[in-house]
Amino acid sequence: MNVGLEHYLTVSAMLFCLGLLGVILRRNVLVIYMSLELMLNAANLALVAFSRFNENLTGQMMVFFVITVAAAEVAVGLALIVALYRKRQSAHVEDLTALKL
Amino acid sequence: MALPDALFYLFAFLTLLFGALVVANPFSRNPVTSAMFLVLTICAMAGLFVLLNAFFLAAVQILVYAGAVMVLFLFVIMLLDLKEEQRRKINLFGIVTGTGAVLGLGFLLTRTIWGGDLNQSANPRVIGDTKALGLELFTKGQFLLPFEIVSVLLLVAMVGVILLSKKELK
Amino acid sequence: MEPTLSPAGIAALTILLLPLAAAAVIAFCTQRDGERSANLSIGAIAISFILSLGLFFFTGDKAQEITFNWLSVGDLKVSFGLLLDPLSKLMLLVVTGVGLMIHIYSRGYLHGDRSFSRYFASLSLFTFSMLGIVLANNLFMMFVFWELVGVSSYLLIGFWFEKNSAADAAKKAFLTNRVGDFGFILGIILTWVALGSVNFAELASALDGKAFPFASLTEPLGKIAGGTHWWVVHPNVLATLVGLLLFMGAMGKSAQFPLHVWLPDAMEGPTPVSALIHAATMVAAGVFMLCRIFFILDIPGSHALEIIAWIGGFTALLAALMALQQNDIKRILAYSTLSQLGYMVMAVGLHAPGPAMFHLTTHAAFKALLFLGAGSVIYACHHEQNIWKMGGLREAMPTTWRTFQWGTLALCGVWPFAGFFSKDAILAAALEHQNIPLFVLGVFIAGLTTFYMSRLVLVAFCGNARSEEASHAHESPNVMIWPLKILAVPTLLAGAWGIDAYIGKAFPGGHQPHNEGFWQNLFSPFNHNILAAGFGLLAVVAGYQLARALYVNAASDPLPDKIGVLAKLARDRFYFDELYEWFISVTQETLAKVADWFDRWVIAGLLVRGTHGTTELFGRALRLVQTGSLQTYAFLFAAGVVLVLAWQLLQTHAH
């Protein structure tokens, strides 16, 4: 069977769902963050697939920027997690409920 | 089956497998294992990118994501000296509803994708070599300004990171 | 629109507006100067009286109208107009003549009162309102002046408002009148809807003895009800209903049962007020109105008149019974007025508006006389009103005694006094209509009337003085005596002046009496209907003898001992006031309780506390969402996205 756009998009969707599952179910803050990265990657895959099958380079451009910004974001996010760990001495998400009403 | 298709199925399977292992490793709950598997996922995705003719991006993916971002992740894990995730009370209700939501999402997305309404050309020309990419980025189109701004963004991120991770002055 | 004003028209306008001008000038300019106010008021009504005389003698019998267009809204055109026909011209004389006497008398009676000017202003306002009713040429204008009369009577009854009883009596009168007026306005609206006009002349020509024009009623009602057929009502029922609703106005003003309760209480006002309003004019307005709209009541097939006759008869009986045991001289006269009004209404009900107006005219004269005489007596006894504290006034106040005696004889219906002729006309009408029950009732009431009036006279005037004040009584000043003397003249002679012939011209179609000259008229009742005259006189004699047996030289009332509980019933006015009071208090309490429940449970409970509770509930529920846990938020976020996507994607997919 010829591999078409739908196949790539399905892979992207699956990956995205896996990432979401990780965000919702895992308790370790860092693993949650990694699942978030997984979701970003899934989006990247979809963009590139569209770019390939629609003869448009905009998709690849966007992926370029996404990767860059993701890198910056990871840096800042990890810095925050480090600061938080220093305060709470725990990387367990159930201990980080200071926003509870 | 043609080679590209077989390769696609291979890389797709690998991506999904390693992605699943990032999220739910049955053997160890150590975050390091999750990080390792994430690296492998990224590499498999790079393979997929190559199949999609985005060579530059594949290279960037490996270099930046696997090479820099994941290394940073591992640094932090080591810095915080995280052990295995302790077992706490299992929230069954949360697990069920969460899984249900995600499954729902998956179902919706799949249904839409295979709905047969995707706007795509009949026989697309294969583009995406690096030279075209470079031209697109720097000359044609509107990506020059964002490009410059992104560099400033990186600078800002750097400054932010330094500030955030400073220790409290006694 | 420029109305063409004939001399008669100008005269009529002047008659109407002069008292109003006097009232306005007194109210705004001469409040401090009592003498000037009195002169203004008396002058105004004197001029009105002279003009009325002129109108009476110098204009023909044909009806004349002067109209000004006042209100024009869609189909409703209401004009302000004056109607001059025999009915209104006679009534003008009554109102202005008796009114003039009372104005003069008041000057003496209220001498030295603090609010002398206010009294005369109110009196002039009342005169204006009453003349408006008399001269009105359409129902709507009549209603406007009807209400004005109500207001004026409120002002006059409650004149000494510092007394609680007077203020209450004024309120009672006004409110009871309002109940009647409610029916009145409904009747006016129904008339307008059915016949398209409220003008008397137009209405008379529209009906003209025909049956109720049924077709013209279903059309407007059909438009209201969307043309549903169940609005179709039998024309007779409709005619009766219209007649009875209009009669309700007369019920209120002329104090017929069951709205009779205000009249005795209205004696709280000064005695001249009682004379003017409650003997001669205001209460007569109801009867006057009935005669005006007689052609509406008289529609073939309508049963309104029968009901009216019985209500009138019943009122007369009830009032006479209540008068038997009253001890306040003014109350006795008040109940006597009620009784005579019942007679008049009964006459209208017997298809005899002519005799009704005749009785109204003579009654105005002798009842005013009686009231003014009572005022003279009260004045002489230093404002004592209980007849058992009077006595021996016969020798002390000869003129008052003489005129009071004449007035009593007229009221009882003794030949040749005026009352005999008018009462006889009513009894004759009963016989002519073959209404034997009402005839018997009328005769019986005549007997009762004689009985209680004789009681009054024997106790208050004859015998010896029963108290200090009575023994020191002397005749009243001239300004009070002269009106008595002047009023005594029509009391004696009015029966034979041919009033009944004159008024008969206003009601073509009934029995027409003839004016054969003074001496012939004196004997005409005997020629006309000997049965009525005979029984009437018989009742007078019987009543007098009975009263004489009981009350000559009586130290106190012997009747309660003889008939016990019946006397108590009569004295306590058959507990009507108590019944109404109970009814009103029950209604008020129920309404108050309903309002309280509503306020407590619906407004405070449901709306105020409900809103508070609901908001709190929602707040508490929403608080549970804020767990502070990141993963909950993430889950909710995802769930929300799924839902929205599901909605969108499935929708488009369905297309």
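How many residues of chain C are in contact with chain B, and how many of chain B with chain C? The first legend takes up this question for the predicted model.

**View 1. Where chain C is in contact with chain B.** In this predicted model, 8 residues of chain C are in contact with 8 residues of chain B. Together the two chains bury about 740 Å², and 85% of that area lies on carbon and sulfur atoms. On the side of chain C that touches chain B, you will find 7 nonpolar residues, 1 polar residue and no charged ones.

View 2. If you look for salt bridges here, the count is 0.

**View 3. Where chain A is in contact with chain B.** Here 70 residues of chain A are in contact with 83 residues of chain B. The area buried between chain A and chain B is about 7200 Å², with 76% from carbon and sulfur atoms.

View 4. Helix H1 (5–25), helix H2 (29–53) and helix H3 (58–88) of chain A each bring at least two residues to the side that touches chain B. H3(A) gives the largest share of that side, with 23 residues. By residue type, the side of chain A that touches chain B holds 47 nonpolar, 14 polar and 9 charged residues.

Definitions and conventions:
Residues are numbered from 1 along each chain as its sequence is written. Chains are lettered from A and ligands numbered from 1 in the order in which they are written. This is a predicted model: local features need pLDDT of at least 70, side-chain atom pairs count only at pLDDT 80 or more; totals for chains, interfaces and linings use all residues. Side-chain values use heavy atoms; hydrogens and water are left out. Contact means heavy atoms within 4.5 Å. Buried area is the accessible area (1.4 Å probe) that two parts lose on being put together, summed over both. A salt bridge is a side-chain nitrogen of Lys or Arg within 4 Å of a carboxyl oxygen of Asp or Glu. Ala, Val, Leu, Ile, Met, Phe, Trp, Tyr, Cys and Pro count as nonpolar, Asp, Glu, Lys and Arg as charged, and the others, Gly among them, as polar. Helices (H or I, at least four residues) and strands (E, at least two) are DSSP runs, numbered from the N terminus.
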